[in-house]
Each structure stands twice: as structure tokens, then as C-alpha cells.
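Please look at the model first.

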Amino acid sequence: MASKKIKTSVAAKKFLNRGAWTAEEDEKLAQYVAINGPRRWKLIAFNSGLNRCGKSCRLRWLNYLRPNIKRGNFSDAEDDLILRLHRLLGNRWSLIAQRIPERTDNEIKNYWNSHLSKKSKLMEKLPAIPLSAAPLQLESINCGKETEASGEAADLSSDTDDKLFDFSSKGTYGFEWVKDFLELEEDS
DNA sequence: AACGAAGTCAACCGCTAATTT
DNA sequence: GAAATTAGCGGTTGACTTCGT
């Protein structure tokens, strides 16, 4: 059954649009999601008249069309925060993104791969130099946004250091947990 | 000006987890 | 409880742009 399903899926894919989204497609998707909400992406893809798969629609919405997405250059504070979060969380891009307002996991991942991974390696070679010469400017980032994601990363809370990884008790963008982490880091 | 190398980033793929039936 | 469906994640690809020669 699975193989039949795969064959159907491959055949169907031949007729789906791929590649870059047009402004017209963006508009269709945005309109449909505004009315019906961002769920059941397969239905969204079908009902909105977009010749795209649901996965593609979801990605486009999450990374470009949804409100409150900041695009363009990363600030020094964001750089610094990403570097620190990556040291803490590794390649858990979605977790990192949840703590950097208005940035998507895909954008952060790309930014890390093209910019920060080099910077990070450089830092490792120069351990005496702190990650940032300036103190982390948490206030400069929009911290007021409490979201549904406050309970995410609960899986991490079962890790070795419960206090450090207990995100559930902090506001998603409160950054209190980051301060806790940085204090622990500095003490060691 | 022309060309190749390197960098960037939007989009896709495969997989797993979560949810629904 | 099992199967099917949906959502979400991280890695990778490939088109496009920029840079260096």
C-alpha cells in the first residue's frame, strides 16, 4: 500500500508548481489563511487554488507571509544571542527561533550556516575573548511577546540540568532563562 | 568585460512526532 | 490500540548574486 501511495504522490508532484513563489501565489495563500487560519495545509493548498503541495504552502506562510516577521540584517544583539543559544542548544533551530522574536528557524539556520558558524569557529580558537565585547542587549529586542510556545522544549527540561532547561516557567521572550544560563556560564 | 569561485538564501526532501479517525 | 493524516523539524539542494582574478 505504501508503495502505491508513493507512486501516486510522485505522479501528482509532476503537476504541482515548484520553485520560487510568485506574488500572485503569495496573495492567494495569504488571503486564504487570513480567512480560514493556518491549519490543514493540504486543504489550504487545494482550496486556495494553488497548485502547490501543503508542505510548500506551510513553509511559505511560516517563513514569509505570516505577520510579525522581521527580514533583513541581523543586529549585533541578535548575532550574539544566536551564538550563545547555539552553544546551549546546538542545531535546534526551532527552539532558537522561538527565543528570537520575529525571526524564523529557516532564516536563523541559513544565517548560521553562512555567517555565524565561521564566527563561532573563530571564537573557539580565541577562548579568552568573550562572545561579545558588549553586554547582551536583551532590552533592545522585543521582549513583550508572550506566545503559545511557552511550554515548548519541555523535552529539554528532562535534561541533566533541570533548572537550566526549564523553559516552561519563563515567558518565551522573557530572556530570564538566558540570563540564568549566562550567569552559570560566567561562574564556571 | 568575461569567467569561475564562493557566498547566500528560498525551497525541497525525508524523517519523526503529534493528532485525528 | 492501530492506522492514517497532519504538523514540524533539520539537513540539503540549487538558482541566483557577488567577488576576485
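Contacts and packing

The surface near DNA strand B is made up of four nonpolar, six polar and six charged residues. This is a predicted model, in which local features need pLDDT of at least 70, side-chain atom pairs count only at pLDDT 80 or more, and totals for chains, interfaces and linings use all residues. Residues are numbered from 1 along each chain as its sequence is written, chains are lettered from A and ligands numbered from 1 in the order in which they are written, and side-chain values use heavy atoms, with hydrogens and water left out.

Q: Why is the pair between Ser114 and a phosphate oxygen of DNA strand B called a polar contact?
A: A polar contact is a pair of N or O atoms within 3.5 Å. The phosphate oxygen is 2.6 Å from a polar backbone atom of Ser114, so the pair meets that definition.

Q: How do you know how H2 and H4 are oriented to each other?
A: Helix H2 (residues 23–36) packs with H4 at an angle of about 90°, the axes being 11 Å apart. Angles of 65 to 115 degrees count as roughly perpendicular, and H2 and H4 are therefore roughly perpendicular to each other.

Conventions. A polar contact is a pair of N or O atoms within 3.5 Å; within protein, one must be able to donate a hydrogen and the other to accept it, and residues adjacent in sequence count only if both atoms are side-chain atoms. Ala, Val, Leu, Ile, Met, Phe, Trp, Tyr, Cys and Pro count as nonpolar, Asp, Glu, Lys and Arg as charged, and the others, Gly among them, as polar. Axes are lines fitted to C-alpha atoms, for helices over the stretch in contact, and angles run from 0 to 180 degrees between N-to-C directions. Helices (H or I, at least four residues) and strands (E, at least two) are DSSP runs, numbered from the N terminus. Angles under 35 degrees count as roughly parallel, over 145 as roughly antiparallel, 65 to 115 as roughly perpendicular and the rest as oblique.
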